[in-house]
Every structure is written in structure tokens, then in C-alpha cells.
Number of protein chains: 2
Amino acid sequence: MIKVVLLGYGNVGKHMFDAFSSSSKAKIVQVYNRSKKELPSKIPQTESLKDLCEADLYLIASSDDSIVSISGKIPFHDTLVVHTSGSVAMDSISANHRRGIFYPLQTFSKDRSVDFAEIPICIEAESNSDLELLRQLGTAISNKVVEVDSSTREKLHLAAVFVNNFSNHLYHISEEILTKYGLDFDLLKPLLLETALKVQQMSPKEAQTGPARRQDSKTLEKHLHLLDDPLYRTIYKDMTQSIQATYGKKL
Amino acid sequence: MIKVVLLGYGNVGKHMFDAFSSSSKAKIVQVYNRSKKELPSKIPQTESLKDLCEADLYLIASSDDSIVSISGKIPFHDTLVVHTSGSVAMDSISANHRRGIFYPLQTFSKDRSVDFAEIPICIEAESNSDLELLRQLGTAISNKVVEVDSSTREKLHLAAVFVNNFSNHLYHISEEILTKYGLDFDLLKPLLLETALKVQQMSPKEAQTGPARRQDSKTLEKHLHLLDDPLYRTIYKDMTQSIQATYGKKL
């Protein structure tokens, strides 16, 4: 049984906590919790890093900015300290510790539970034995554990920004357009979900449809005419140009 | 029982055919099918518009470009002719007919079946009685039938382009980034699906996360540095700027 101290009980921390609760291979023995959120079970918690107990590893699930400072204050030497961020390098963790990464490639929100079994966990460590421990920790909650070094993790995070943050912003733009014309965003929900479901089975390159792909210049012009917001017009133009470049139209 | 002649057996046509097959309120009595695809049941089909039989309505599920020409060749007068396109105006249908729209707000692909019950059907007609018939036809296959005029349908289609065509292109960009670095697109599939699932329950404006939202300029710079393709860099910059404008950063 791997003993874990969880540092942070925000979005990611809470989901990690829940995932490990139902695992028989790893156990959270203490939570560093400065949020006002109560833990659902009677695991010891503390608001002070000085009071951390001993464990096999320290899992930092706090904001990116606080990784350096938290890791520097863990009152042990040569213990395994890992963080859960997609964009922070492994060497941001204090050199006082054996360092590692345990990055779940998913977006977490307060009110939605997610199935950890399906979430890829990207791991990295400085030694083979620590990597092995992180692999065991990963398989305790997920079916997909992959070794990814910090440089590759950056690219993964970049790609994740496109599918998650940018797609979500496109949803927001659509909602704004609909609201402006008195229409309900609910109308688009089945479409946007099917768009994401489709590429679970087929490549997005194959799945592409729409006026940009079929070079329907009449519709493209009409759409640009309907968009008042200059930023949204720019996004419409960029995306159209990029789709057309992908499918071979000379620019 | 509403008798329908279906014109076109491409992606949309085939899905419409399947949806009506299991309905007790409407029945496809003939299919104008110039594709090489075989119908799954013994419904009469023809390759010639001259041979169309009589019906309560003629449902054009062909490409946008052929709506004018097909509707002009339907050999009846004053019959109800409707098309299924999001972006073609109702008056593109020949004035020889009573005209209408039956637009399912969904993306269809060959190899994926979809649940029509959840798909909003947008209807429009020139008379109340035809509108009523289209409403009945819609409820025969879907739980969500909404009256939407041609001008509003244009805006709905524009919003649909953002959530469907543009999101899909973002997926494609991500796949390209991953492939370039020897990573598997499968790694991002749970994330992109969760992104779409999340906004089924919460507003995309609330759901927004990521470096642009939290104004993490270090990560933003690193990401721009990683993108070689000038079009992808432009998209990254514009999306970032638009997210920051949404959340109140002065530009």
C-alpha cells in the first residue's frame, strides 16, 4: 500500500482524493488543506506544512504558482515530491527532494465527477525506482499510465490547450451569438457533444465538414457579415483560412 | 401517417431514412437515390425525378448546391417541398411549390448512428397548416422541434460552425502537434470529450480554464515558441486575446 500525503484540496486535489479513496493499492494518509472545504472522510488534515507526517510520497495538487514554495517547505529531505501540473517543469520542485510528475490529463470541475480509469496519467521521475513507484500509483487509479518527460509534457499541454481551453471558448462564442438572437444554447448541445464523440472513433482530419472545408464562399461571406465583434470575425477568418490550408486550397 | 418522399441518400438522407424507419407517425414511401448505396429495406427508389410518386411532402436531403435544381424538377405543383440545410434560404426552393425547412441541428457521419430523439429539428413553412405538418413530422422522430425562421436559422448555423467545424479543426491541430512529437492523439480524447460534456451542465463562460484565462504569460510565451506553423500561432494568439477580452483583461 503506497502512502501518500496530498498537498492541496482544490479542484484537482479533491478529485485525486476521491480517486484514491476507492483504491486498495494506495492510500492518502494526510491532506494539507488550506481551503475551507471539508474532507468527506476522517483523514488527518493540517493547515501547516510543518506538521506533515511521513509517507512514501508527497503529491502537490495546488496552483502552478505555489509549487515552488510548497515543495521548498516540505520538512523532509530526500523524499519523493511530485506535482500534478501540465505546464510546470519537474525542476521547479525543490532540489532538496527526489522529484517527479504525476499529471492527470483531464479538466476537473467542482460539481462533476470523472472516471479516473479513463484518464491518462503522465509520469516522470529522476530515478527508475521512483518512476516505478509512480507507475504503481498511477495504475492504482487509472488504466493508462504513460511516461512523459518534461519537454514532451509541454507539447502535450499545448495540444490540450487547443482541445480544451480553445474549444470551450468557441462554445462560449456560440452561446453569445445565440443569446444575442434570443436563441437557447441548449439547441447546440447535442451537436457539440457529437463533434467530440465522433473523433473518439475517427480522425478529426477526416471528420471535418462545413462551409470552410467545402469552400462555400457565399456562406463564409454571410457569416462574416453577421459577426459584429471584431475578435470573433478574426477568429472566424483564421479558422477558415487554416481549414482551407489543411485541405489544400491555395491561399 | 405522413407520407414522405426522401430526395437524396447521402449522409443526412441515410440518417433521416433510418430515423423514420422506426416511426409509426411518418413513413418514407419512396427515395430518390442516385448514390450507389443500397437501401436497407424494400422501399421503392428511383434515379429519376420524373418518376416521383405522390406524397404529403418531399424532403430534400441533398447537397446545398443541388436544392434549387432538384426542387425545380419535382413534377408536381403546389406540393410541400422542404430542405434539410442550415444555410440555404427557404426561397431557394422553386416557387412552384409550398416551401419549408426541416433542419436537424446535428453532424452526421457514415459510420455513426445518432439518437434522433435528442436532435433539435428546426422547422419553417409558408403557411400555418404546413408548419403544423412539419411539427408532426418532427415529433415523429425528435423530442425537440422548434420553429426558426430563415434569418434566425442563419445565425444558428453560424453558431453551429463555431462549435462543430471550428472545434473539430482545433482537434485536428492538436493531433498534428502530438503526431509531430511522437505522441498518440488517444491521450487527449478523454479531455476533449469531458470538455464537451461539461458544458452540457454548466455555461462555457464559467467552465473556462487555462493559461489565457489565468493570464499565465510564461506559459503563453512558451506555447507560442513551440508552434512553428504561422497559422496555428495566429489562432493561438487570437483565441488567447479573445479569452482575455472575455474575462476583462485590458488589451
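Reader: Is Y236(B) buried or exposed?
Author: At 1% relative accessibility, Y236(B) counts as buried. Buried means under 20% relative accessible area, exposed over 50%, and partly exposed in between (1.4 Å probe, protein chains only). This is a predicted model: local features need pLDDT of at least 70, side-chain atom pairs count only at pLDDT 80 or more, and totals for chains, interfaces and linings use all residues. Residues are numbered from 1 along each chain as its sequence is written, chains are lettered from A and ligands numbered from 1 in the order in which they are written, and side-chain values use heavy atoms, without hydrogens and water.

Reader: Where do F166(A) and Y236(B) lie?
Author: F166(A) is in helix α4 (residues 150–180) of chain A and Y236(B) in helix α8 (residues 230–246) of chain B, so the pair joins two chains. Helices are DSSP runs (H or I, at least four residues), numbered from the N terminus. F166(A), at 1% relative accessibility, is buried. Ring pairs link F162(A), F166(A) and Y236(B) into a cluster.

Reader: What sits over the ring of Y247(A)?
Author: The charged end of R213(A), 3.9 Å from the ring centre. The rule asks for NZ of Lys or CZ of Arg within 6 Å of the ring centre and within 35 degrees of the ring normal. In chain B, R213(B) lies over the face of Y247(B), also at 3.9 Å.

Reader: What area is buried between chain A and chain B?
Author: Interface size is often given as the accessible area lost when the parts come together. Here that is about 8,700 Å², with 68% from carbon and sulfur atoms. The sum runs over both parts (1.4 Å probe). The contact (heavy atoms within 4.5 Å) takes 87 residues from chain A and 87 residues from chain B.

Reader: How many salt bridges are there between chain A and chain B?
Author: Six. Each needs a side-chain nitrogen of Lys or Arg within 4 Å of a carboxyl oxygen of Asp or Glu. R214(A) and D64(B) form a salt bridge at 3.4 Å, N to O.

Conventions
Phe/Tyr/Trp six-rings, centres within 6.5 Å; stacked < 30°, edge-to-face > 60°. Buried area = accessible area lost by both parts, 1.4 Å probe.
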